[in-house]
Amino acid sequence: MTKKKNKFWIVLIVLLISSVYIIPILMMVFGSFKTQGEALQMNLRLPKSFQWQNYRHVIETGGILRGYRNSFIITVFSVIMVIIFGSMTGVIISRRGDKKGRGLYYYFVFGLTATMQMVTTYALILKLNLYGTYISTILVLTAINLPFAVITFSSYVKGIPREIDEAAIVDGCNAFQLIFKILLPIMKPITITNLIIAAIGIWNNFQIPLYLMSSSEKTTIPMMIFNFYGLYSRDWNYVFAALVITVLPIVILYLCLQKYIVEGMTSGAVKG
């Protein structure tokens with residue numbers, strides 16, 4: 001009986017904590033199908049009639065598709081760079097095992113905890129003549145997400161036997177073939193974990209594109225939502241619809257790849 005009671009309380013506590021996140025999400029989804037008056041009530045009631053035109057209005061007037069394009073370009077290229085450079089650096093740090101490798105590891109640990117200085121970053125981007133370009137935003141977002149990727153890849157690789165490296169080298173693999181053809185498929189759980197975490201952070205990032213993008217044609221989804229809210233601050237049905245459209249790609253990505261997240265995070269935490 002004691003174990004059953006403990007399980008009951010644990011489940012109850014988890015449900016209460018989860019409700020902090022679930023209730024606003026349900027309110028947002030239901031509100032996106034309501035009329036303006038119904039959405040202003042901010043409750044969990046189902047709409048009297050589903051207003052599908054809310055989504056059409058948001059797409060036609062909010063510039064959502066342009067924001068999708070810009071966010072997609074920035075997110076895809078940033079995530080690719082994070083995975084490539086994070087896996088390469090993580091493998092090198094893990095396999096070296098000397099003072100230089102440990103020093104490089106702690107360098108990225110420091111990068112994980114250090115606060116980014118936006119003023120100096122902005123000045124550097126101006127000096128390099130990259131202001132207002134996709135490249136500037138991609139490089140900065142890659143740098144922000146790279147320390148976590150390096151640390152998790154390095155920890156995961158420590159659990160892979162070195163004999164695999166030796167066998168690959170004997171078969172004629174060079175360093176790049178060893179990392180991308182042999183080790184990277186083995187590191188699939190931590191690769192997908194980093195992919196999802198980086199994609200969520202980059203897709204939702206508001207600050208970096210705000211400072212580094214000069215043209216309205218290159219505004220990302222979070223910036224579009226900010227501008228849209230300024231125009232429709234009382235039309236919460238439209239605001240909710242815009243938010244649903246914004247989070248939908250990340251939710252789909254997470255649901256498709258969620259089975260790898262727990263394995264990747266626990267492996268990266270325990271090993272090394």
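This is a predicted model: local features need pLDDT of at least 70, side-chain atom pairs count only at pLDDT 80 or more; totals for chains, interfaces and linings use all residues.

User: Which residues make up the lining of the largest cavity?

Analyst: Ser-71, Ile-74, Thr-75, Leu-141, Ile-202, Trp-203, Asn-205, Pro-209 and Thr-220 line the largest cavity. Helices α4 and α10 are the elements that give two or more residues to that lining. The largest share, three residues, comes from α4.

User: How much space lies in the largest cavity, and what makes it a cavity and not a pocket?

Analyst: About 40 Å³ of space lies in the largest cavity. The word cavity applies because a 1.4 Å probe fits there but cannot get out, while a pocket is an open set of points. The structure holds one cavity of 30 Å³ or more.

User: Why is Thr-75 called buried?

Analyst: Thr-75 has 8% relative accessibility, and buried means under 20%. The value falls under the cut-off, so Thr-75 counts as buried. You'll find Thr-75 in helix α4, which covers residues 64–96.

User: Which residues does Thr-75 touch, beyond those up to four places away in sequence?

Analyst: Thr-75 touches Ala-199, Ile-202 and Trp-203. They count as touching because a contact needs heavy atoms within 4.5 Å. Ile-202 and Trp-203 also turn up in the lining of the largest cavity, along with Thr-75 itself.

User: What about the largest pocket? How big is it, and what lines it?

Analyst: The largest pocket has a volume of about 480 Å³. Its lining has 20 residues, and Met-116, Val-140, Ala-143, Ile-144 and Pro-147 lie nearest the centre. Helices α5 (99–113), α6 and α7 each supply at least two lining residues, with the largest share, six residues, coming from α7. By class, that lining has 16 nonpolar, four polar and no charged residues.

User: How do you know that Asp-165 and Arg-95 form a salt bridge?

Analyst: Their closest N and O atoms are 2.6 Å apart, and the cut-off for a salt bridge is 4 Å. The distance is within that limit, so the pair gets the name. A search of the whole structure finds one salt bridge. Asp-165 sits in helix α8 (residues 162–170) and Arg-95 in helix α4, so the pair links distant parts of the chain, 70 residues apart. Both Asp-165 and Arg-95 are buried.

User: Which residues touch the most other members of the largest nonpolar core?

Analyst: Phe-153 and Met-187 do, out of the 30 residues in that core. Six helices, α4, α6 (118–127), α7 (134–157), α9 (175–186), α10 (188–203) and α11 (207–212), each supply at least two residues of the core. The largest share, seven residues, comes from α7. Leaving aside neighbours within four places in sequence, Phe-153 is in contact with several residues, including Ile-83, Leu-184, Met-187 and Ile-190.

User: Why does Ser-154 count as buried?

Analyst: Ser-154 has 1% relative accessibility, and that is under the 20% cut-off, so Ser-154 counts as buried. Ser-154 lies in helix α7. Beyond four places in sequence, Ser-154 is in contact with Gly-90, Ile-93, Ser-94 and Tyr-105.

Notes:
Residues are numbered from 1 along each chain as its sequence is written. Side-chain values use heavy atoms; hydrogens and water are left out. Helices (H or I, at least four residues) and strands (E, at least two) are DSSP runs, numbered from the N terminus. Buried means under 20% relative accessible area, exposed over 50%, partly exposed in between (1.4 Å probe, protein chains only). A nonpolar core is a set of buried Ala, Val, Leu, Ile, Met, Phe, Trp, Tyr and Cys residues joined through side-chain atoms within 4.5 Å. On a 1 Å grid over the protein atoms alone, a cavity is a set of points where a 1.4 Å probe fits but cannot get out, and a pocket is an open set with protein on both sides within 12 Å along at least five of seven lines; lining residues have an atom within 4 Å of a point. Grid points are joined across faces, edges and corners, and a volume is the space filled by probe spheres set on the points. Ala, Val, Leu, Ile, Met, Phe, Trp, Tyr, Cys and Pro count as nonpolar, Asp, Glu, Lys and Arg as charged, and the others, Gly among them, as polar. A salt bridge is a side-chain nitrogen of Lys or Arg within 4 Å of a carboxyl oxygen of Asp or Glu.
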